Every structure is written in C-alpha cells, then in structure tokens.
There are 4 protein chains.
Amino acid sequence: MAEEAWGRWGPDDECGALNFVDSEAVRRAVSLVSRGQVLSLAQPISARMPIPPARPRLSHFMARDGGDYAAGARRAGSFAFADDTVVLPLHLGTHIDALCHGWCGHRLYNGVSETEIRSTGAARLGVDKMPPIVSRGVLLDFVAVTGAPLPDGETITLEMLTAAQERADATISPGDVVLLRTGWLESRSAKNKPDFDKEPGLGVEAALMLAEAGASVVGADNYAVEVLPFPEGTIFSVHQRLIRDYGIPLLEGLVLAPLAAVGATKFLFVAAALPIAGATGSPLNPLAVL
Amino acid sequence: MAEEAWGRWGPDDECGALNFVDSEAVRRAVSLVSRGQVLSLAQPISARMPIPPARPRLSHFMARDGGDYAAGARRAGSFAFADDTVVLPLHLGTHIDALCHGWCGHRLYNGVSETEIRSTGAARLGVDKMPPIVSRGVLLDFVAVTGAPLPDGETITLEMLTAAQERADATISPGDVVLLRTGWLESRSAKNKPDFDKEPGLGVEAALMLAEAGASVVGADNYAVEVLPFPEGTIFSVHQRLIRDYGIPLLEGLVLAPLAAVGATKFLFVAAALPIAGATGSPLNPLAVL
Amino acid sequence: MAEEAWGRWGPDDECGALNFVDSEAVRRAVSLVSRGQVLSLAQPISARMPIPPARPRLSHFMARDGGDYAAGARRAGSFAFADDTVVLPLHLGTHIDALCHGWCGHRLYNGVSETEIRSTGAARLGVDKMPPIVSRGVLLDFVAVTGAPLPDGETITLEMLTAAQERADATISPGDVVLLRTGWLESRSAKNKPDFDKEPGLGVEAALMLAEAGASVVGADNYAVEVLPFPEGTIFSVHQRLIRDYGIPLLEGLVLAPLAAVGATKFLFVAAALPIAGATGSPLNPLAVL
Amino acid sequence: MAEEAWGRWGPDDECGALNFVDSEAVRRAVSLVSRGQVLSLAQPISARMPIPPARPRLSHFMARDGGDYAAGARRAGSFAFADDTVVLPLHLGTHIDALCHGWCGHRLYNGVSETEIRSTGAARLGVDKMPPIVSRGVLLDFVAVTGAPLPDGETITLEMLTAAQERADATISPGDVVLLRTGWLESRSAKNKPDFDKEPGLGVEAALMLAEAGASVVGADNYAVEVLPFPEGTIFSVHQRLIRDYGIPLLEGLVLAPLAAVGATKFLFVAAALPIAGATGSPLNPLAVL
C-alpha cells in the first residue's frame, strides 16, 4: 500500500485532504460567487428512492400529525404540531463517506487500526471529525465532453480528465472539490431503474491524478464514484486509494445536471455532514453558490 | 390570527420568509467574508446528548465494523468497510423546524390545511420544500450585552433586541438569518444538566419585531427559541406567530459561543436541511463563514 | 355491513371471537395432546425473508457483539455480552392481525370509531387487548385434499372446506383455531419467489362459514389468508368480514407443512402476541402441541 | 470455569438445558392442566415502560392510522387499515436471554467462540436456535415464604430455595421451568420507580442448585434474575454460570403476582421466542395454563 498522505498532516490527523482547504482557499472559493445563485446538489430522500437490493431503506414515521387532530386529538391550547423520526441508513442518496468508511490491510487512513471501529462507532476518523467543506468546486462534465451520458461500465481515464478540465477552463488545485458528472443518475428513471452493479465512473489512474493534484473531496453523480463492475481482480480500488491512502472523502449520489444546465464550472461549494459521533458517513445537502 | 405573510409570495408558496433571500441578498452575504474562516454551529449528535425526557433518543447502529474483521469476517479481496444506520428523531440537537412543524386553528402557513399533514408525511410545507439557506447571519449576543448568560425564564424584550443590534452594529434587514445567543446551551454541562422546561428566550413582542424586519430564519442557542416557561395562558406563541403567520423557520440548539469568541457579528450563513420528503424538520450543520 | 358479532360479548368488548375460548375449550384442547410433540408454526425472521416491495424490511442491529471484544473492547471483569435491537414491522412473517388492523365504513369491530386509531396507537382493539390463544387447532389441508398446492388465485370454496373437514375428521366448533394449508408458502423458494399479489386463499363464502361455526382465529400459510387477486370489485373482503364483523383475528404466514407431515389434524394450539400497547398486530411463534 | 453442560448434548448442540424437555416432560406438563385457565406472565410493552437509563427505549410508529382517514386519506374501495412498526430492543420488558447473550473467557455455551457473534448476528446459539418452551412451570414464591417482597439487594439462598419448594409442594426436576417471585416488579409503581441497580435475586449457590436439578429455564419477576448489586468482586455470575456453563436461558421481567394470587404452583408453562435470525434474545409473552 502506498499510503501517500499518511503523516502528511501529523500522526493524529483525522481530517485528511480537507487540510488542503485553508483560509486562503476559502477566500478564493468565495470570490467565485457572482450571480448570487444557490443550487442544491442533493437528491430528495424518501422510502421510494431507488436503492441497491441489499441495502436498508429509509423509513419515515410521523409521531404526531394533522390526521390525529382531525381524529380529535387534544390540542395544547390552540397549539398543534407535527413531529417525526427517520430510520436513516447513512450511506443513502446524496451522502459523504467518512474516512472510516473503507480500508484495506487492517489499517485505515493515517494508520488507524481497524479495531478502533466497533459497534459503538468509530473512535477515530468518524464523520464527526470531518470539517465543514467550504472550497472551490470544479465540475468535470463528461456528458458535455462526450456529448452523452457515459455508458455503464465506462472508465473515466486520464485523457478524459484532461479534456474535462480543459472544457471547465480549470486545473485541479489543492483544496478543490472535484465533481464528476457521468450522466448516470440523471439518465435513470422509473422506467430505466438504476442497476447498482453497473455504472460509469472513475478509474484508478484518473483517481490518483486527482489525489496528486490535491483534491480535498471527490464527488460524482453515480453510486460509487468509481466504475462498476470493477476491473478484473480489484474491488473498490478507488475507495481504497482515495479514502485510505490519500484521506479524501467521497461524495456520492450528487445531482449535477442542474449545475451543468446553468453552465457552472467553478463555484463556491459548501457542504457539512451531520456530526454524528462515530458515524461512517452522512447524508447531506451540498450547495453550489454561483 | 394575524397571518401576516399569507399570500405574500403567492397562494401556493411553501418557502415563506426565505423568499426574502434573493440573489442580491446572497451576494451581499458572500461579500461579508474576509478571513476565510469557517465555523460549525452544530452540536455533536449522539445517544448521550441531553434530550427532554419525553423525546426519543438517537440510536446509532453499526451494520458492519472493524470488530467483525477482527473476529474473522471475510474481506472482499483486501477491501474492508464499515457501515451504519441511525434512528434519528428529526427535532434533535441542532435542527430546523420546517413550516409544517407547528400551527394553530386547523391551518398552517399560507392557509394549508392540517389535513395535509398525515402519517405519510407533510404533503405541503415539508422540509423538502425548504430552500437552502445562504444569507447574511447576524449574531445578537445577549450574553455580551448583559455580561452573563441570561437566567432561565428571562424574556428577550424589544429593548434587549435594540441593544443587541447596536452591539452588533447591525439592523435586521429582509433576508437576514438572526441568531440569538442566550448562553443557555453553553452554560449546561454534565453537572448542570439542561432543564428543558426552563430557558431564557424570545418573547412574542421581540419575535414580531424580527418578523416585521424581514428575518428569513430565527435561530437560537436554546431548546425552543422562545422563553420557557411560556407566559401565563400561552403555549408556543413564538412558534405559532413566526412559523405559521410569518413563514419563518426556527433553528434550534445552535452552538454560538465560538462565534462570539471570535467576535463575529455579521457573516455569511449557510445551512441546508436534509431534503426528506414530507418531514417536519431536519438536523443540520449550519456554518458561519467569516 | 352485517356486523354480526357486534355487541355479542357486550358493548365494550375488545376480544371478539376469542371469547368463544372458555375454560372448557382450553381443557378440551389440552386433552388432545398425546405424543408430547411440539411444533413451531413460525417462519424464521430476518432481513432476507421475502416481503412485498412496498413493505418495510426487518433490520437487526447488534449494539455489542463478540467482534467488539475481538477488537479489544474492555470486559466488565470476565463478563462479556451481546445485545441487539430490531426495527420490526409488525405485519411481518408469521404474525397476527389485531382487531384494529382493518375495517370499513369508519367503524371497527364492535362499533369502535376509526378516530380511536391515531399516531399514538390504537386506544381500543390494540394487540395488547388480545388474550393469549390456547384452544383446539384444526388443520384444513387443501394440499392433501387436492393432491397438490392450490394454484395462485384459487379460491377456497364451501365445498373444499367440507372436504377438508372430512379429511381432518373434524367439524369446526366454537373456539377452534382454523389453520388453512394452501401450499403457497412451502412451494416458494429462492428460485420461485413469492408474488405477493397472487395466491390461493379463502373466499368470502367459506370465510363466513368458518365465522358462523365459531372460529376464534383463522390462519393460513399464505400472505393474506384470503385469495389474491381479489374478486372483481372487492378489496380485502375476508379481512373486512372476519376482523370487523365477526371479531376474528387473522394469522398470516404460517408454516404448516411440518404439521401435515406428521399427520396432525386436531391439536393443542398455543400463541400469544407481544402485548405492545396500541399495536395493530404482532409477529409471534405459534405452537402446535400434539 | 466449570462448563458443566458442555458436550452433554453433543458438540454441536445449541439448545442447552431445553434438551431436558422431552416428549414425556411435555406430557407430564400438559397433565397438570385442570381448570382450563390461561394467565399471561408478560408486562405490557410501551415507550412509557420503565427501563434503565443506558438502555434504548421502544418506539412504536403508526405508518397508517384512522387519523389519516379522518384527514381525508383515500380508501381502497371501502377498505381501511392501520399498520405499524416498532424499534424494539430485544432485552426489553418480559424477555428471554438466548444462549449467545452472555459469556466469559472468549467462549460461550458448548465452547462456541465469541468470534461467531458479529454485527450480522450470532451465527450460533441465536434465539432462532432456541426450541419452543412447553414444560412444567414451578412457581417458587419468596413473597409468600417470607410474607413480603424481598428487600432490594436480598440474595436468594439455598435455604430459601428449599423453603419455597416445600411451599410449592414441588421438587425441581429435569426440564422444569423455574419461576422466582421476589416481589420486585409488583412493588414498583409510578411513585416507586424501579432502580435497576438494586434488586433481590438469585445467588450463585441457589442458581447452581437449580442448574444441577435440571432446570431448563430460570425466570424471575426482576430485571436480571440474579441479585443486584453483585457480590463484591463478581459481575453477572449467575448469568455466566447458568447461560454459559449450564446452557440455561434466563427469563426476565415476568409478571408473577397474578399466578400467586390464584394459588398456582405447578402448571403447564408455554413460551416461544420470536425466531429472529442471530438475535441474542426476544421479548415474548409466556403463558401459564392451569
């Protein structure tokens, strides 16, 4: 294992590549705002959203609702309210993988032992240790580059990465949040349901190029960021290399078509995970501010 | 009922006072950033956080963890991962109340019937209809104004509001996110546990003043934004008036001491709820960018 | 609506046809035991069991397990333990429908208003009001009668009921727990997955015959007791007639092949729902004692 | 560790002392029924039941209820229904501990390694492996023997066990389900809330006597069967000895006062856990048939 970023930010670091985002990077990102337009990059969350067969579903339960009052529930004075609870799998819909989500060889990012990750949660590298993400977002739009959604199983190569950066008039620099539009999510529908075993996505070479360029986060509009099925003899190589070796969190299930539709390529990107103690990820609602 | 903002943004509006935040307001907010410093205003979320006795607790369950591998679980190739699910009450910790959370007299904001809010969720005014919040944040710091955390049961009055605006060198303007630091949360501890029935907070007069000034969101570092216990003969008046009559979402359980500590009074405020279909609120991780 | 059993056991009754099971019926049932053999009639419960697409899945979470100790979790002295929680839909696998589960025309069994059934649970007719079931079980074995599992969509008729009673050498009498073996569940497999929209089951005429004979509970080895698809222009007629009009709880998803295999037709039947306050049903583990 | 029962029923046994209950024992138990009276020994289950502070609470959620119809929800034809889900900690209220619930020294009953118990559940000794319990129940009534509920912290000794057996006119024999009435649960109330750290209960000597006599299950009307606080320097010794060394499941939180009230001492006992794959226990509704 290469473990390129281990120790780079000290032996106790739990923030990984988000360390690249210093106050200067924040200011540069903020300076990109001109229109004052805000776009959400999140999918709606519901029990009906498509999920892989083996994965748990969201459940949303109303503990109190308007129906109860219609049925005669007593109000406290004139006050009425509705309240609810969700059973929420943390790697659902648009979500971020914390640095404790994936590893190999018994050690996680920065050498943390896998024995730190127990039923009580991740004692280290949990999503609660992930700083808020406020940095430059760069949209690498492969739909625009190739003229159509990438076909299932297509690998994003170094050449494609170069072409997409040119189209975006941007070179990935330290601290950038890189968003990959493959067209996968937007080309699914009720009729054309997602097959979570096949999707276009990042190959290892391109992933390493982004990591070496200093990407603080890598996100995509597909299910796993990386290409599925995996190259022969490999399993989640991009997860292993980016999360574990470079300390780069992955953002999955992004909604990127609206961003492309307004022509945005470089923008202020803002996202903040729910700080759930010891969790391995978090659904979130990332924003692009143009 | 006064229903001041009903119809103001059209008969079908579900965004309420967040309509005040136009692109100009976004640009003005962004222009406040100078240091490039980012502060999270969220409490950590865990099963151990203090909650009122009647309220459900968060549960965090690891579906797969490092302990399983230590016990001999088969790896897929060299890849190992951890995964988890939470049972998450939506009005927990630092969270936002959607416009369907509270009402009176059978009608919610903009005249929506309470019968639209059923076991299947809120057909209207759900948190999924709430736009992302990117606007000017203004910290009204009553701890600084009075020199100490406000005592439990203390009502924030019009006079106090004026004093705090003066101290912040800010006048609440349309679209502003108003954050009230009472000192309640920061003065609790394991030894001095929160009593959820008593807290300093907003009185109705001050609340109406903020609403009339065009606040898009009102937040506080206490449990209910408004003062507890309620004034004699009233129940959640501030909730009723702000949420229902003015369409103003409430942000509860904010962590504001660090913001005060760095002397921030006006800043770029960013928060985005999880877009859970039909939900009445959402935990979130609000940010101040200075 | 006929509402045949309303008022039969008093205006406040919440037990319905289980009132037929008096101490004499218990003694008669007990007297059937000769071999001392005990059979469970329940399906195993797991996240992998087949369920209809729209229905929630069971989740089983270990809050503490042996893997944690393998990973170094501290023991209290030498003591180690494992603990767990389930998210459990109550109409899952082998389960019983309480008298508050289904109705029509705004009123439930015995005239209870549907407004008594709110988000806080069923104030009346909840599964917590259902007495334990200890009575004579009678297996009506349509697989044996017809020589094969009934085909999907086949209706159990009066004639079939008569033939099955003859084969069982039993006439349904007041208090009997009637178990219908259609062959549906036992003929499903991983290759031949259940289609929850199609199954052999009880028709209304046969259902009414059982109700008039005094059945205290009607159970089956299928998903809905009654035939699917429903006869044209009807929806859950058997549920409506048995549960609402006769106060007869339904037992669904039974495992009956082993009972048939040992030649049991009349036996001591024992089942007891979890007494969850206000719940509409309960998974349970029914027993036949031969 | 003594590991008295390991290997007694073969190296692969997962049923433990319930192996004592053969068909002869079932017949003997059934022959005790004379009145035809059925008593449930279970506490009601609800979110309001007292639980230890650190333990999760039950949540009960209605996915559909009468309030929804009152609010105008569309009916399918005339059919209406209510449906629900619980978040159910498995060691709640009246429940049974499976043989995988507690252990010491890295090995469970019959030598099973603790590494078999992972986030995916117990591969061995799960509650799904526990046979239904149909055997003679014997009530050992220490409230009757001593004239009052045992005080908190009182240890049930060998002498007390002898006195209680004499009073019950019963000697514990192989296969018996032994039920210990300490008076703990029945003497708690809203005013006198249970302190889960203090209770009367079984001492190790008495526990071993029951185990040696062939008890198939040991149950009690308290929280942990055994005395709390633990004797100096020990932790859950009775759990360790009975569950691990003798393969005896424990039944906790029983309601025994009504059984005592009707003078029952020997009776048909029936209980069956929910067969949840890999679970460490199960709430259940045990019955005494007199």
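In the predicted model, C:Leu158, C:Leu161 and C:Gln165 of helix H4(C) are in contact with C:Glu205, C:Ala206, C:Met209 and C:Leu210 of helix H5(C). By class, the residues of this contact comprise 5 nonpolar, 1 polar and 1 charged. Helix H4, which spans residues 158-168 of chain C, packs against H5(C) at an angle of about 45°, the two axes being 8 Å apart. Because an angle counts as roughly parallel only under 35 degrees and as roughly perpendicular from 65 to 115, this value makes H4(C) oblique to H5(C).

Helix H5 of chain C (residues 204-213) also packs against helix H6 of chain C (residues 237-246), with axes that come within 9 Å and cross at roughly 20°. The angle therefore makes H5(C) roughly parallel to H6(C), and the crossing of the two helices is right-handed. On the side of H5(C), the contact is made by C:Val204, C:Ala207, C:Leu208, C:Ala211 and C:Glu212, while H6(C) contributes C:Ser237, C:Val238, C:Arg241, C:Leu242 and C:Tyr246. Sorted by class, the contact of H5(C) with H6(C) has 7 nonpolar, 1 polar and 2 charged residues.

In chain A, the axes of helix H5 (residues 204-213) and helix H6 (residues 237-246) come within 9 Å and cross at roughly 20°, and H5(A) and H6(A) are therefore roughly parallel to each other. The crossing of H5(A) and H6(A) is right-handed. The residues that make the contact are A:Val204, A:Ala207, A:Leu208, A:Ala211 and A:Glu212 of H5(A), together with A:Ser237, A:Val238, A:Arg241, A:Leu242 and A:Tyr246 of H6(A). The class division for the contact of H5(A) with H6(A) is 7 nonpolar, 1 polar and 2 charged residues.

A:Arg241, listed above among the contact residues of H6(A), also forms a salt bridge with A:Glu4, in which the closest N and O atoms are 2.8 Å apart. Since A:Glu4 lies in the segment before helix H1 (23-30) of chain A and A:Arg241 lies in helix H6 of chain A, the pair ties together parts that are 237 residues apart in sequence. Over all chains, a search of the whole structure finds 60 salt bridges.

Turning to the interfaces between chains, the size of an interface is often given as the accessible area lost when the parts come together. Chain A and chain B bury about 5900 Å² between them, with 66% of this area on carbon and sulfur atoms. Within the area that chain A buries against chain B, A:Phe79, A:Trp103 and A:Pro275 supply 10%, more than any other three residues. The contact takes 77 residues from chain A and 77 residues from chain B, and the count between these two chains is 4 salt bridges. A salt bridge also joins the side chains of B:Asp83 and A:Arg55, with an N to O distance of 3.2 Å.

For chain D and chain A, the buried area is about 660 Å², of which 69% is on carbon and sulfur atoms. Of the area that chain D buries against chain A, 53% is supplied by D:Phe61, D:Gly67 and D:Ala70, more than by any other three residues. This contact takes 9 residues from chain D and 9 residues from chain A, and across the interface the rule finds 0 salt bridges.

Most residues other than glycine have a negative phi, and most peptide bonds are trans. The peptide bond from A:Leu228 to A:Pro229, however, is cis, with omega near 0°, and A:Pro229 is placed in the loop between strand E13 (217-220) and H6 of chain A. In chain D, the peptide bond from D:Leu228 to D:Pro229 is cis, with omega near -5°, and D:Pro229 is found in the loop between strand E13 (217-220) and helix H6 (237-246) of chain D. As regards phi, A:Leu125 has a positive value of about 65° although it is not a glycine. The position of A:Leu125 is in the loop between strand E8 (121-122) and strand E9 (133-141) of chain A.

Notes. Residues numbered from 1 in each chain as written. Chains lettered and ligands numbered in written order. Predicted model: local features only at pLDDT ≥ 70, side-chain atom pairs only at ≥ 80, totals over all residues. Heavy atoms only, no water. Axes fitted to C-alpha atoms, helices over the stretch in contact; angles between N-to-C directions. Helix = DSSP H or I, 4+ residues; strand = E, 2+ residues; numbered from the N terminus. Parallel < 35°, antiparallel > 145°, perpendicular 65-115°, else oblique. Left-handed = near helix turned anticlockwise from the far one by under 90°. Contact = heavy atoms within 4.5 Å. Nonpolar A, V, L, I, M, F, W, Y, C, P; charged D, E, K, R; others polar. Buried area = accessible area lost by both parts, 1.4 Å probe.
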